[in-house]
Amino acid sequence: MSGKSVFDRLESIPREIIYAILLVGLCYVLVNPIGLPIKVTGETRELYDLIEGLPEGSVVLVDIAFGAGGMPELGPAFTAVMHHMFQRNLRVIVITLYTEGPQMYNILVDGKIKPDTTYGKTYGTDYCFFGYNAGGVTTMAELARNMRVLGTDYRGTSLDQLSVMDGVEDYSDIDLVITFTTSSGGISSPADWVQQWATPYGAPLACVVLKMMTPTVSPYYGTGQVDALIPGAGASAEYELLVNRPDEGLASTDALSFAHLLVVALVVLGNIAFLGKGGAQRA
Amino acid sequence: MISSDISIWIAAFFTITIMSYAFRDNPLFKFAERTFIAAVIGHAVVMGVNSLRQFGFDKVQAGNIAYIVPIVVGITIFSRYHPKYYWLSRYGMAALVGIGVGLELRTVPQANIVSQLIKAITLGDNVLMGIFTAMTTFTVILHFTFTVRKVHEGPQSVLPQIGRYLMLIAFGAAFGNTVMTRMNLLVGRLIFLLRDWLGLMA
């Protein structure tokens with residue numbers, strides 16, 4: 001006999017086995033979805049209502065602050081929220097202070113949402129993209145004072161030739177800022193937007209963040225400095241339901257539920273092993 | 001149907017090789033890791049240079065001579081690699097730090113201290129949540145009050161204990177959220193493999 005008890009074996013399951021179970025299980029659930037019911041939570045509804053409550057022609061400043069690493073979580077949420085804005089007659093100005101932002105715009109807006117063909121929108125009239133702007137918080141602060149500093153869009157078209165920018169001079173002409181961010185303390189973090197836009201000017205601010213960032217951003221939400229706060233995971237599926245655009249968010253819901261059940265099961269097993277070993281040692 | 005797009009195949013290859021690290025370190029993972037880092041750095045350099053051109057050199061060429069000042073200040077940062085003129089880099093760094101601190105100090109006290117304090121000591125619309133927030137703030141502060149030892153002795157020691165448990169609940173929630181984010185990233189890549197590459201998902 002090796003002398004290892006059941007509890008010892010439970011505590012030392014090789015990680016390869018756990019990862020294999022996780023991978024096989026996730027693949028199975030993704031290919032054969034169970035269709036678990038989804039309930040739209042209050043936070044998701046809050047962002048939806050915030051956009052829904054904007055009068056036609058309102059100007060929304062969208063900040064892409066995620067790259068390829070954050071795309072699986074924030075990509076579906078970004079797509080769903082952008083669909084919602086294009087479904088309504090809003091003027092959408094997209095900026096990014098992230099070097100990977102232009103790629104995300106190309107993949108998600110030009111490649112996936114396609115506002116021109118899907119909603120009959122015209123680039124420059126209904127929406128525009130200003131490409132990458134360096135400077136981080138300095139640029140953010142300057143934009144609040146003077147949006148015209150952007151100069152040209154990512155195609156090199158002068159700002160004066162973009163009618164979507166007509167009358168947009170500073171923060172007071174922006175009706176809502178939405179940041180999609182993976183940054184909890186670096187460039188374009190929710191804290192930066194709170195400190196440079198929401199606090200000094202009272203600009204309405206919504207944050208779509210990674211699920212793990214919600215505890216750090218929620219104090220701003222609690223004080224009303226952030227008007228809406230949703231995590232990408234889970235909320236993207238809810239938002240897809242609200243705007244009737246089922247996509248990746250809904251596809252991932254069952255898989256996420258399976259993954260969490262597995263994690264909970266492993267935590268329970270670990271605790272059983274811990275308590276069992278403790279009991280054996282005491283005996 | 002399996003994809004015939006070469007870019008999808010390349011992305012699938014790198015996704016699988018990166019994931020393979022979860023099982024064991026291997027040469028293919030190292031290759032993918034270095035390729036990824038090289039691509040990110042190359043991309044960032046191109047974006048940075050392009051930004052310099054758009055907001056710096058083009059402006060100077062258009063006659064805005066004032067833009068020479070930030071360009072020169074920026075260039076001084078690179079002087080730290082010169083054994084004799086390294087001290088010049090301090091001017092560039094001083095400008096960066098000064099502007100950063102100035103921008104932050106303008107609003108951080110209001111955004112991070114005053115607003116949070118007001119929220120912690122006022123009940124707001126949700127009275128129960130207001131009481132809970134105030135109680136959490138008070139008990140957690142007590143937990144970290146080491147200068148007054150009596151707080152941690154006798155019957156009143158239950159208060160910092162409550163603060164400790166409330167912190168543990170917060171850490172647990174943060175851990176759960178982190179797991180959910182990691183799983184979501186994995187699921188996102190699996191959707192790419194199963195749907196975009198293999199065509200197994202609707």
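**Reading a strand and an interface**

Val59(A), Leu61(A), Asp63(A) and Ala65(A) point one way from S1(A), while Val60(A), Val62(A) and Ile64(A) point the other way, and all are buried. This is a predicted model.

Colleague: In which sense do S1(A) and S2(A) pair?

Modeller: Parallel: S1(A) and S2(A), the latter spanning residues 91–96, are joined over five bridges. Val59(A) faces Arg91(A) of S2(A) across the pair.

Colleague: Turning to the interface, how many residues does each chain put into the contact?

Modeller: Chain A supplies 53 residues and chain B supplies 43 residues. Between them the two chains bury about 4200 Å², with 66% of it on carbon and sulfur atoms. On the chain A side, Leu30(A), Gln195(A) and Met212(A) lose the most area to chain B, together 13% of what that side buries.

Colleague: How many salt bridges and polar contacts are there between chain A and chain B?

Modeller: There are three salt bridges and 17 residue pairs in polar contact. One salt bridge joins Asp247(A) to Arg195(B), whose closest N and O atoms are 3.7 Å apart.

Colleague: Which helix gives the most to the side of chain A that touches chain B?

Modeller: H2(A), with ten residues. The residues of that side divide into 30 nonpolar, 15 polar and eight charged.

Terms used
Residues numbered from 1 in each chain as written. Chains lettered and ligands numbered in written order. Predicted model: local features only at pLDDT ≥ 70, side-chain atom pairs only at ≥ 80, totals over all residues. Heavy atoms only, no water. Contact = heavy atoms within 4.5 Å. Buried area = accessible area lost by both parts, 1.4 Å probe. Salt bridge = Lys/Arg side-chain N within 4 Å of Asp/Glu carboxyl O. Polar contact = N/O pair within 3.5 Å; in protein donor to acceptor, adjacent residues only side chain to side chain. Helix = DSSP H or I, 4+ residues; strand = E, 2+ residues; numbered from the N terminus. Nonpolar A, V, L, I, M, F, W, Y, C, P; charged D, E, K, R; others polar. Buried < 20%, exposed > 50% of the residue type's maximum accessible area, 1.4 Å probe, protein only. Pairing = 2+ DSSP bridges.
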